[in-house]
Amino acid sequence: MNKRLGVWMVGALGGIGTTLVVGARAIARGLVSDTGVTTNRPEFEPLNLVGVGDLVFGGHEVRRSEYWESGYQIHKRSGSIDLEVLNALKDDLAEASARVRPGTAVHCGDAIDGLVNDEAVRVDAHDLRDAITRIRADVADFRRREGLERVVVVNLASTEPDVEGELPGTVAELEALLDANDASRVRPSMLYAYAAFREGCAFLNFTPSSAALCPALRRLGESLGLPFMGNDGKTGETLVKSALAPMFKYRNLRVLSWQGYNILGDRDGQVLSHRDNLASKVRSKDAVLASILGYPLHTHVGIDFVESLDDLKTAWDFIHFRGFLDHKMSMQFTWQGCDAILAAPLVLDMVRFAEFALRRGEGGAMRQLAPYFKSPVDVDEHDLHRQFHAMTDYFKDVGVVPH
Ligand code: NAD
């Protein structure tokens with residue numbers, strides 16, 4: 001049995017995609033430590049997860065580039081990728097670059113359309129079924145050439161605008177939209193997810209683009225017995241919120257207001273500076289607090305594009321709360337994180353867990369992966385601590401981690 005796992009990334013050459021490929025190959029070659037990779041913690045050892053060095057990367061992209069160049073740009077702008085590491089991986093990166101194919105940008109909105117510089121991406125601009133056929137052929141070709149038994153497709157593409165109108169609720173409704181070539185309620189992420197399921201792959205949506213796991217696509221994944229999970233990786237300010245908000249609950253301190261303000265400057269920030277693309281991000285960041293605390297409160301999430309910051313995202317949060325004798329107090333924190341450095345190891349963890357689910361023949365939402373998401377599918381629990389314990393309990397329940 002081939003124990004290698006195919007990891008097919010949508011948005012393959014973006015900040016996260018590049019950091020993931022460089023990071024995984026650098027760990028595999030012993031050039032860097034595995035800090036940040038939760039699946040390498042001792043409690044997960046009995047799962048016998050696929051090795052980091054056994055991940056084979058490929059994917060779809062709408063911009064022409066390649067991994068060494070993309071890594072070099074990151075090195076120059078944020079310094080998060082070391083040049084020596086990059087140079088030591090030249091051959092590995094060239095191999096991965098050769099596995100990147102032109103994606104589809106059908107009905108993706110102006111902000112993403114502005115990124116497209118690969119004419120091959122435009123070929124299926126007018127036919128949804130053609131776009132799916134092409135995506136499926138690329139994934140199938142990847143599987144065949146690399147001799148891969150299992151493939152996980154992970155959406156790392158730019159955040160899409162919400163669709164106008166309702167997302168398709170049933171597979172039949174979605175099929176009808178595709179047959180009618182009606183793109184008005186379809187986004188590219190839906191075509192990728194549809195193709196992934198039809199090719200027998202697990203699917204992860206790391207982005208806030210909720211269309212990717214709309215009800216119709218979840219039903220498709222369930223009916224085909226394939227595992228999936230999303231939406232929107234929990235990497236920065238929301239991660240801190242979901243760890244900190246429970247403290248107020250445990251001490252019965254009443255949170256009155258929680259103001260959050262984020263500034264970021266990379267390509268993601270540029271896309272999010274478009275109001276339509278921002279809406280889905282703010283929604284998934286905003287839902288966490290009321291759910292953890294159990295009452296409505298004044299919250300605000302601001303996100304502004306500050307180009308000079310690049311990937312070094314900064315968030316400032318101000319928490320106004322009431323204590324004993326109704327005395328009002330406040331707390332503030334500043335979070336300065338490198339976005340892709342926070343995100344890439346989460347993707348690494350999740351593809352390994354998805355392979356575990358595929359190996360066990362488990363289909364449907366991988367609720368055990370809730371701690372990785374801002375808006376976890378089919379999970380109402382947002383408290384990070386409870387989510388993490390639920391994840392380790394899940395592995396105890398399936399009998400692979402001794403009590
Ligand atoms: P990025 O802009 O660097 O990368 C996105 C890539 O997707 C780009 O290379 C772009 O060309 C490509 N792309 C866009 N539309 C595409 C399509 N239809 N098909 C194929 N490729 C397409 O962004 P990033 O910083 O790598 O973040 C990726 C996604 O992850 C974004 O949606 C972001 O909001 C989400 N996210 C990021 C973080 C984090 O960085 N910490 C946390 C949660 C969610």
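**Entry 1**

I began with polar contacts and found five residue pairs making them between domain 1 and domain 2, both partners at pLDDT 80 or more. For me a polar contact is a pair of N or O atoms within 3.5 Å; within protein, one must be able to donate a hydrogen and the other to accept it, and residues adjacent in sequence count only if both atoms are side-chain atoms. Next I asked which elements give two or more residues to the side of domain 1 that touches domain 2, and they are α5 (110-113) and α15 (384-397). Helices here are DSSP runs of H or I with at least four residues, strands are runs of E with at least two, and both are numbered from the N terminus. I sorted the residues on that side of domain 1 into seven nonpolar, nine polar and eight charged. In this sorting, Ala, Val, Leu, Ile, Met, Phe, Trp, Tyr, Cys and Pro are nonpolar, Asp, Glu, Lys and Arg are charged, and the others, Gly among them, are polar.

**Entry 2: a note to myself on the model**

This is a predicted model, so to speak of local features I need pLDDT of at least 70, and side-chain atom pairs count only at pLDDT 80 or more, while totals for chains, interfaces and linings use all residues. Residues are numbered from 1 along each chain as its sequence is written, and side-chain values use heavy atoms, with hydrogens and water left out.

**Entry 3: domain layout**

I looked up the bounds, which come from an automatic or database domain assignment: domain 1 is 5-233 + 341-397 and domain 2 is 237-337. Their centres, taken over C-alpha atoms, are 26 Å apart. I found 24 residues of domain 1 in contact (heavy atoms within 4.5 Å) with 26 residues of domain 2. The pair buries about 2200 Å², with 54% of it on carbon and sulfur atoms. In domain 1, Thr 159, Lys 374 and His 382 lose the most area to domain 2, together 24% of what that side buries. Buried area is the accessible area (1.4 Å probe) that two parts lose on being put together, summed over both.

**Entry 4: salt bridges**

How many salt bridges link domain 1 and domain 2? I count one, taking a side-chain nitrogen of Lys or Arg within 4 Å of a carboxyl oxygen of Asp or Glu. The side chains of Arg 77 and Asp 310 form a salt bridge at 2.7 Å, N to O. The whole structure holds 29 salt bridges. I also looked at Arg 145 with Asp 141, at 2.8 Å between the closest N and O atoms; both sit in helix α6 (residues 128-146), four residues apart, about one turn.

**Entry 5: the ligand**

I found 32 residues around the ligand (a heavy atom within 4 Å of it), with Gly 15, Glu 61, Arg 63, Tyr 192 and Arg 267 the closest. A polar side-chain atom of Tyr 192 is 2.7 Å from a ligand nitrogen atom. Thr 159 puts a polar side-chain atom 3.0 Å from a ligand oxygen atom.
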